[in-house]
Amino acid sequence: MFLQSLHLKQFRNYGDQAVEFLAPKTILLGENAQGKSNLLEAVELLATLKSHRTRRDRDLVQTDLATAQIRASLKRELGVSALQLTLRSGSRRTASVNGETLRRQQDFLGHLNAVQFSCLDLDLVRGGPGRRRTWTDTLLMQLEPVYVHILQQYGQVLKQSNALIKQQAKQSTDEPAPQLDPTQLALWDAQLATLGTRVIRRRARMLRRLAPIAQTWHRAISGSAEQLEIRYSPNVDVDSDDAGQIQQAFLDKLQTRAMAEYYQRTTLVGPHRDDISFLIDDTPARQYGSQGQQRTLVLALKLSELQLIEEVVGEPPLLLLDDVLAELDLNRQNQLLDTIQDRFQTLITTTHLGSFDAQWLKLSQVLQVKNGCLTTP
Ligand code: ATP
Ligand code: MG
C-alpha cells in the first residue's frame with residue numbers, strides 16, 4: 001500500500017499542511033520540537049486509531065482549538081481510498097472512508113496498515129507486562145479489526161466484575177467472613193470466561209504465527225546461533241486451542257482465586273494479567289539481555305510485524321521510523337535498510353542527514369520540517 005498524500009488541519013502544531021509522498025522513502029528532517037513525530041503520529045492514528053503518546057484527543061487538537069483533521073489518500077491494489085479522521089477536544093471523533101461517515105470506528109481499521117518503530121520500543125523488552133500486552137493487542141487490531149470489539153467487550157465485563165467484588169467487600173466489612181452472592185458472581189464469571197477466552201485464543205494464535213518469523217529475523221540480525229523464543233504466558237494456562245477447555249480452565253482458576261480476589265478487591269484472573277516472555281537461549285531478555293541484545297530483539301520483532309502484516313493483509317504495510325536509525329549500529333542499520341528496500345513505504349524522522357547512506361539519500365524524498373510547516377530543502 002502507498003500513502004499518496006496527507007493533509008493535517010489544526011493537528012498538534014500543524015495549522016493547515018498538505019503533503020504529497022513521491023518516493024518509497026520520505027525523510028522528515030528538522031530540529032527538535034518542529035513536528036516530525038507529530039506527522040508520524042497522524043499516520044499511526046490512521047492505522048490504529050490510537051497514539052502511543054496520548055489517550056486524549058484534546059492533546060492532538062491544536063491548543064485552544066476545537067477540532068483537528070487528518071486526511072489521507074491511500075493507494076492499494078484494489079484502488080485509491082480517501083481516509084478522514086476528525087478529532088474533537090470536547091467530544092467524540094468521526095471517521096470516514098471515501099466520504100462516508102462510519103457508524104462503527106472499528107471499520108476504519110484495516111484500511112491503512114503501519115508498523116511504528118521508535119526508541120521507546122526498547123520498553124517492549126524492558127518494560128512491564130502491560131507494555132507487551134498493548135503491543136500484542138495493537139498488532140492484532142491491524143490483523144483482525146474485529147479484535148477491537150472483543151477487547152472492548154472483555155474490558156466492560158472486567159469493569160463490572162471489579163465493581164461487584166468491591167461492592168461485596170464493602171458490604172461485608174463488619175462481617176467476619178465474606179458474603180458472596182453466588183448466582184450473581186457465577187453469571188459474571190461465565191461472561192468473563194467466555195470473552196476472556198476469545199482474547200486468549202487470538203493472542204495465542206497470533207504469537208504462534210509471529211514467533212518463527214521473529215526467530216528467523218533474529219538469527220539473521222544477530223549473525224549468531226542464539227535462539228530467540230517468544231513465549232505467551234497467559235494468566236489462565238492454556239495447553240490447547242480448544243475454546244471449551246480454556247473456558248473450563250478459566251472458571252476453575254476463578255474459583256480457586258475467589259478468596260484472593262475478595263481480599264485484594266479486584267479481578268485477578270484473566271488476559272488482563274497476561275504476559276509475553278522473550279527468551280534468548282532460554283534466558284529472559286528482560287533481566288539478562290545486554291543493551292545490544294535487547295536492540296537486536298526489538299528490531300527482529302519490528303521486522304516480523306512488517307512481514308506478518310504483509311502475509312495476512314496481502315500488501316506491505318507502511319513503516320514509521322521515529323529517530324531510530326541513528327540509534328542502531330551500522331550493521332543493524334543496513335539489515336533494516338536491506339529489508340525495507342522499496343518494498344515498504346517508509347517515513348523516517350531525523351535531525352541530520354549525516355548518518356544516511358548517500359546512495360540511499362538519492363532515492364529518498366527529503367522534507368524539511370519547521371514549526372509545523374513542510375518544505376522541500
Ligand atoms: P524531536 O526531534 O525532539 O523528536 P519533533 O520534531 O519530533 O522533535 P514533535 O514531537 O513532532 O517534535 O513536535 C513537538 C512540538 O509540537 C512541540 O513544540 C509542541 O509544543 C507542539 N505541540 C504538541 N502538541 C500540540 C498541540 N496540541 N497544539 C500545538 N502544538 C503542539
Ligand atoms: Mg520526535
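Tutor: Asparagine 371 has 57% relative accessibility and counts as exposed, because exposed means over 50% relative accessible area, buried under 20% and partly exposed in between, with a 1.4 Å probe and protein chains only. The model is predicted: local features need pLDDT of at least 70, side-chain atom pairs count only at pLDDT 80 or more, and totals for chains, interfaces and linings use all residues. Residues are numbered from 1 along each chain as its sequence is written, chains are lettered from A and ligands numbered from 1 in the order in which they are written, and side-chain values use heavy atoms, with hydrogens and water left out.

Student: Where is asparagine 371, and what is its phi?

Tutor: Asparagine 371 is in the loop between strand E14 (365-370) and E15. Its phi is positive, about 50°, although asparagine 371 is not a glycine. Most residues other than glycine have a negative phi.

Student: Is arginine 12 buried or exposed?

Tutor: Arginine 12 counts as buried, because its relative accessibility is 18%. Arginine 12 lies in the loop between E1 and E2, and its phi is positive, about 50°, although it is not a glycine.

Student: What makes H6 oblique to H10?

Tutor: The axes of helix H6 (residues 182-222) and helix H10 (residues 291-313) cross at roughly 130° and come within 8 Å. That makes H6 oblique to H10, because angles under 35 degrees count as roughly parallel, over 145 as roughly antiparallel, 65 to 115 as roughly perpendicular and the rest as oblique. The axes are lines fitted to C-alpha atoms, for helices over the stretch in contact, and the angles run from 0 to 180 degrees between N-to-C directions.

Student: What is the hand of the crossing of H6 and H10?

Tutor: The crossing of H6 and H10 is right-handed. A crossing has that name if the near helix is turned clockwise from the far one by less than a right angle, and is left-handed if anticlockwise. Residues making the contact include Met206, Leu210 and Trp217 of H6 and Leu297, Leu301 and Leu308 of H10, where contact means heavy atoms within 4.5 Å. The residues of this contact divide into 13 nonpolar, five polar and three charged. For that division, Ala, Val, Leu, Ile, Met, Phe, Trp, Tyr, Cys and Pro count as nonpolar, Asp, Glu, Lys and Arg as charged, and the others, Gly among them, as polar.

Student: How do H5 and H6 cross?

Tutor: The axes of helix H5 (residues 146-171) and H6 come within 9 Å and cross at roughly 150°. H5 passes H6 in a left-handed crossing. Among the residues in contact are Tyr147, Leu151 and Leu158 of H5 and Trp188, Leu192 and Leu195 of H6. The contact of H5 with H6 divides into 13 nonpolar, seven polar and three charged residues.

Student: How do you know that E4 and E5 pair?

Tutor: E4 and E5 share ten bridges in the antiparallel sense, and two strands pair if DSSP finds at least two bridges between them. Leucine 74 stands opposite serine 81 in E5, and a hairpin of two residues joins E4 to E5. E5 and E6 pair in the antiparallel sense over four bridges, with alanine 95 in E6 as the bridge partner of leucine 85. The hairpin that joins E5 to E6 goes through five residues.

Student: What is the order of the open sheet with antiparallel pairing, and which are its edge strands?

Tutor: That sheet has six strands in the order E2-E1-E4-E5-E6-E7. Strand E2 (14-20) and strand E7 (100-101) are the edge strands, since each pairs on one side only.

Student: Which open sheet has mixed pairing?

Tutor: The open sheet of six strands in the order E8-E12-E13-E3-E14-E15 has mixed pairing. Its twist averages 20° from one strand to the next. Within it, strand E12 (residues 318-322) and strand E13 (residues 346-350) pair in the parallel sense over four bridges.
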